[in-house]
Amino acid sequence: MGESQVNTETKAYEPKIAAFLCNWCSYAGADLAGVGRFQYPATIRTIRVPCSGRINPLYILKAMANGADGVLVSGCHPGDCHYMSGNYVARRKFALIDSLLKHVGLEEGRVNFSWVSAAEGVRFAEVVKGVTERVAALGPNTGVFKVDGGGTDE
Amino acid sequence: MNSIIDDIRAAARQLLADGKVDVVIGYEKGSLPLKSTPCFLRSPQDADKLIWDETCENNLATYAATTAGKKAIIAKGCDSRALMVLLQENQLVRDDLYIIGVSCPGVIDKNKIEAETGEIIEATITDGKVSVKGILCDKEYNFTDVKDAYCQTCRYPNPVLVDLKIGGTVEAPQSDFSDVLALENNSAEERKAYFKEQMSKCIRCYACRNACPMCYCQECFVDCNAPKWLTGGVDTAENLLFQTGRALHLAGRCVECGACSRACPQGVDIRALSRKVNKDVKEMYNHESGISEDIKPALNVYSADDPEEFLVKE
């Protein structure tokens, strides 16, 4: 994710957003958006995870270290978790991650959390639009976690 | 504190002589002034090596899980809280543990003194006064002025879990999270600059991790090769990734002993991160780690109405 991406037609800056989607709800929601042909910006790079409870805080930090301009984390609505409590325990983690990242000076809107169910294809498109707008407004990632040279020597 | 040490020594001697424990983990005099060092006693004759004063700064719970056999541990308030969390996380067996609890009036932050006097050549502690002979100057301090920052806000100076309590109790100081609030009240840009400056000092020696009683992962994420979380390069952003990653691993587990900050050779303000997380855990989930056997770690449980302010506004 080295250089920033530019739309070939409009020459406008397009952010790259790492999207961690839970397999059972948000990933299916993204799928539904695709099947239903609801348009949303092609800014997200989807990473499918088994459950939002599987998301390690380091995933979010490392995505930004590697140069992602934004991060979207999405799972089932509370109460709808395929594994009963995965998103409940994730919710506690997310609240702490969000608060700490803002505390160390990360811009508001770089890291985004949302609940999207498998039936919310339209809403998924809306969430991605909203997140893309926010991240695009912030511009390319020059933030506190961006490691020069991409953060990986592999 | 000095009648306490006789009782500690007697208790250690007795435990070893009776064969109740294989090892007593305590403090002995270190090779540098104002430094103690953890020691592991295996015979009753060694009990006289033990010391107990304001330099006993290590968290001995760090050594509990890695020391084989039945062990007795000399525990301050924070050590006992750490032991409690380790027991909750099934890292220790209660029957193998004999906790000699001692109330703690706080420990000395040696870095604070050395910032003024230079390297300490000689030091004595008597009646709440610390007399220091340093390379740059000699100075006498009140103990309360050079008390570690963590100890100044410590709400649990008395051990929470003991088999044998030695000495009296210490009054817990009133404290809030005003230190975190002071930083929070700064603008995001100021905080960013502050942490950038702090992280630029970090040399990622991992002394903080090694001193921490809660950092017991068999493979720490910083040592992990696949995936490679950290590249090993010199980079402020990576230092911040390490420090925030570690702070988040300790969320709802940190007992605020301050072993990390005192172990830091660079004077990085690790406390700013851990206190922020602890404040959030307290405010959001009303949880303090290691204060009771019945309270489960904050991130192991949940409630249907946990706060959700972190969600994106649509």
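These legends accompany several close-up views of a predicted model.

**View 1. Chain A as a whole, with four helices and six strands.**
Let us start with the overall picture before moving in. Followed from the N terminus, the elements of chain A come in the order β-β-β-α-β-α-β-α-β-α. The radius of gyration is 15 Å, close to the 15 Å that the globule rule gives for 154 residues, so chain A is as compact as a globular protein of that length. Along the principal axes, its C-alpha atoms fill a box of roughly 40 × 35 × 30 Å. Of the 154 residues in chain A, 56% are buried. Among contacts between residues at least 6 apart in sequence, 80% join residues at least 24 apart. The accessible surface of chain A comes to about 6,300 Å², and carbon and sulfur atoms account for 52% of it.

**View 2. The disulfide between A:Cys25 and A:Cys76.**
Here we look at the sulfur atoms of A:Cys25 and A:Cys76, which are 2.3 Å apart. The count over all chains comes to one disulfide. A:Cys25 sits in the loop between β3 and α1 (26–35) of chain A, and A:Cys76 in the loop between β5 and α3 of that chain, so the pair ties together parts that are 51 residues apart in sequence. The torsion about the S-S bond is about 95°, so this disulfide is right-handed. Both A:Cys25 and A:Cys76 are buried.

**View 3. A:Cys51 and A:Cys81, two cysteines in no disulfide.**
For A:Cys51, the nearest cysteine sulfur is that of A:Cys81, 4.0 Å away. A:Cys51 is buried, with a relative accessible area of 10%. A:Cys81 is buried as well, at 8%.

**View 4. Helix α2 of chain A, a mostly covered helix.**
This helix spans residues 57–65, and nine of its nine residues are buried. Among them are A:Pro57, A:Tyr59, A:Lys62 and A:Met64. What surrounds them? The cover over the buried residues of α2(A) includes β3 (17–22), β5 (70–75), α3 (86–103) and β6 (111–115) of chain A, together with α9 of chain B. Have a look at the ends of the helix too. A:Asn56 caps the N-terminal end, where a side-chain oxygen lies 2.9 Å from the backbone nitrogen of A:Leu58. Just after α2(A), A:Gly67 takes a positive phi of about 105°.

**View 5. Helix α4 of chain B and its buried residues.**
Now we turn to chain B, where α4 covers residues 110–117. B:Lys110, B:Ile113 and B:Thr117 are buried in this helix. They cover an arc of only 65° around the axis, which puts them on the same side of α4(B). At the start of the helix, a side-chain oxygen of B:Asp109 reaches to within 3.2 Å of the backbone nitrogen of B:Asn111. Just after the helix, B:Gly118 has a positive phi of about 75°.

Most residues other than glycine have a negative phi, and most peptide bonds are trans. Against that background, a few places deserve a look. The peptide bond from B:Ala226 to B:Pro227 is cis, with omega near 0°.

Definitions and conventions
Residues are numbered from 1 along each chain as its sequence is written. Chains are lettered from A and ligands numbered from 1 in the order in which they are written. This is a predicted model: local features need pLDDT of at least 70, side-chain atom pairs count only at pLDDT 80 or more; totals for chains, interfaces and linings use all residues. Side-chain values use heavy atoms; hydrogens and water are left out. Buried means under 20% relative accessible area, exposed over 50%, partly exposed in between (1.4 Å probe, protein chains only). Helices (H or I, at least four residues) and strands (E, at least two) are DSSP runs, numbered from the N terminus. The arc is that of the directions from the helix axis to the C-beta atoms. A polar contact is a pair of N or O atoms within 3.5 Å; within protein, one must be able to donate a hydrogen and the other to accept it, and residues adjacent in sequence count only if both atoms are side-chain atoms. Contact means heavy atoms within 4.5 Å. The radius of gyration is taken over C-alpha atoms; the globule rule is 2.2 Å times the number of residues to the power 0.38. Accessible areas come from the Shrake-Rupley method with a 1.4 Å probe; for residues, only the protein chains shown count as cover. A disulfide is a pair of cysteine sulfur atoms within 2.5 Å.
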